Amino acid sequence: MATAELFMDSFHTLLAQCAEYMESSALETVRRAYAVAERAHHGVRRDAGEPYIEHPLAVAQWLADRRVMVDCVTAALLHDVVEDTPVSLQRLQHQFGPVVAQLVDGVTKFEVLEDPNAGDELARKRDRKRRQQAETFHKLLVAMMEDPRTVLIKIADRLHNLRTLGAVSPERQAAKARETLEIYVPLASRLGMGEAKYELEDLVLRYTDPRRHAWLSGLIANKRDEDRERTQTTVRALERVLLHHGLLAEVRPHVKHLYSVHRRMLETGDETLDEMADFITYTVLVPQAFDCYDAMNALHSQWHQIDRRLRDYIARPKLNGYEAIHTTLFGMLDYPDPFDVHIRSFAMQDIADNGPVLVAARHTSGGWRARVQGLEWLTQVQAWQHELALPATELVAAVQGDLFRDQIFIFTPRGEIKDVARGSTVLDFAYRLHSDLGERCSGAKVTGRDGVMRLEGHNYILQDRDMVQVLSQDDTHPTAAWLRAAHTHHARDAISHYLHAHNLPTEEAEEDGNYPDVTEQMASVRLGYCCEPMPEDRLIGVVAGQRMVVHRQECRHAQEAMAAPLSVSNGHNGDTPERGARQWFRVRWETVHPDRFRVSLLLTGMDRNNLMRDITAVLARYDLNIVNLGALSISTRYKAIIRITVDVKRPEHLRQAIQRLRNVEGIVNVERRQRVPPAAATQP
Ligand code: MN
């Protein structure tokens, strides 16, 4: 039978792979495990129609490809028989020994019983499902502490389940993807299983947001092509220098992973790749750990390096066992921009891809245990141990809180999950779902973790795990006020675009509504140096004859003009004052259209060597021309206060530069300097 040959093929591929590193007695165990699993799952098919046995075979294959020892491969083949077939744990223990039985038990779903008092049938089902999920995770954690290799099987299992999720309903896809993002991605990350983590993340985005996934894939492919020549030149230059220093090294360019790009965009709001300096990193692979330092010295002797970006993860490995030297170089002849270089040995690369537990699992019993003992991440798991007494659902919440930081998760009414940047509002979320939805968004029904549903407006800041149903109305459209309710650049850009396309004001009008465009009638319009107006400001044009000077509304000059009586007539000829001869007007940035504007920034932080150099580098990068710069350093407290006045050509450059400045090491605060103190509100 053709199908029989097909799954014999998968099995023989596995066996051939195992034969490369296992002894014949171990191969015999793998063969026996396959026989038991094949018989147990016989006649059962997966959602896509293939025989069920293909799934445990694929899980075992993934582990065998990484040369994991026989216990794990055996347990992988048997991992679903206790859960899904009549084969008992006792039987496995009898036939394959306690280690394999324990590994299988660790990945077997925890059975919970329905609470007959938990409301109607649907509520009972939901409650059971939720407790089942939590208890299963709880069980996995306990099993992990006993034998950390359990989680390798669980992650390989999840990886294959996600890869083959295409045939199931969108609801189940979303539920699986959500669980993966909440539990298995952070676990893989903590275990240092780089390859598995990246693939899981990629698959999650593919199921939860296929449009965005496709868009990002295209964007990344384009950028990679664009950068090809520079990448190749850089690889050759690195290799040349290393060879010149007598180092046998391999240089591999590495494109940032799709999900990492996605996450960075959520963090920065920048939906392009232009500013993503670490889009390509260069991995320098050397034979031995000590070669890493030689390679670093060789590269540093050839190019400039950014001191504060140098990281020695060999001296101080990351919690998940990751080791490497990270450095940032710049000053290459044709391509002067900085680029990141990661230097590691082949063994360190293995740890980066697979994590220390998987690497340890290549050793036979006893050998691997010694290798995982004292691993920092295990200490972390043990730190959760005191939480293990908690009810399982609370444990899951506690552990997740520890695993996530800058991202929050929002549920849609259909049970989909979306990750958004912390601080996002209802409006941001609506635009994140779809720009059409954003444009018609009138608010949202938000159900918080307390289970209470509330009606919220555009500017409600979403909380982790809110369930959000965006409300829309056909007669709702973006207005200038929306710009204040949106925090992500994606939403702000979409709103600005809409306002421009529909010729709507991009500044919020006061109660007097639309204001006439008077700037055209002026001989000259310029921005006031006193208050340095910017595009986001409310602008007041103060008229003197045929000239207009534009001030911020808060500026003393604007306030004085606005407070003055409407008449500008001197009353010399005794006439009644001429009404309507106004001295001031609200104006829009677009009608002033200055080709540049001036702004002063106040930076505070800790003084250090090269701080000024790093600051001016950022300014130069965004084409901000320094007009004036004054630094004041209070040396006793190492506190730096820096005033900088710059000329800005494009407002978005200023925004991006400020964001970058905030990330300069030592800088604590960047704010626009209020050159004119806001006029006191004296009116009742
Ligand atoms: Mn499975």
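This talk goes through the metal site, the salt bridges and the aromatic pairs of one structure.

The model is predicted, so to speak of local features I need pLDDT of at least 70, side-chain atom pairs count only at pLDDT 80 or more, and totals for chains, interfaces and linings use all residues. Residues are numbered from 1 along each chain as its sequence is written, and side-chain values use heavy atoms, with hydrogens and water left out.

I start with the metal. The manganese ion is coordinated by His55 (NE2), His79 (NE2), Asp80 (OD) and Asp157 (OD), at 2.2 to 2.4 Å. Donors here are N, O and S atoms within 2.8 Å of the metal (3.2 Å for Na, K and Ca); water is not among the atoms, so sites may look incomplete. Along the chain, the spacing of the donors is H-x23-H-D-x76-D. His79 and Asp80 are both buried, where buried means under 20% relative accessible area, exposed over 50%, and partly exposed in between, with a 1.4 Å probe and protein chains only.

Asp157 also takes part in a salt bridge, with Lys154, at 4.0 Å from N to O. By salt bridge I mean a side-chain nitrogen of Lys or Arg within 4 Å of a carboxyl oxygen of Asp or Glu. Asp157 and Lys154 are three residues apart in helix H9 (residues 150–163), so about one helical turn separates them. Helices (H or I, at least four residues) and strands (E, at least two) are DSSP runs, numbered from the N terminus. Both residues of this pair, Asp157 and Lys154, are buried.

Next is Arg158, which forms a salt bridge with Glu179, the closest N and O atoms being 2.7 Å apart. This pair links distant parts of the chain, with Arg158 in helix H9 and Glu179 in helix H10 (residues 170–190), 21 residues apart. Arg158 is buried at 5% relative accessibility, and Glu179 is buried at 12%.

How many salt bridges does the structure hold? It holds 29.

Now the rings. The whole structure has four aromatic pairs. Rings of Phe, Tyr and Trp (its six-membered ring) pair if their centres lie within 6.5 Å; planes under 30 degrees apart count as stacked, over 60 as edge-to-face and the rest as tilted. One of the pairs is Phe11 and Tyr34, stacked at 3.9 Å centre to centre with 10° between the planes. Phe11 lies in helix H1 (residues 2–19) and Tyr34 in helix H2 (residues 24–40), so the pair ties together parts 23 residues apart in sequence.
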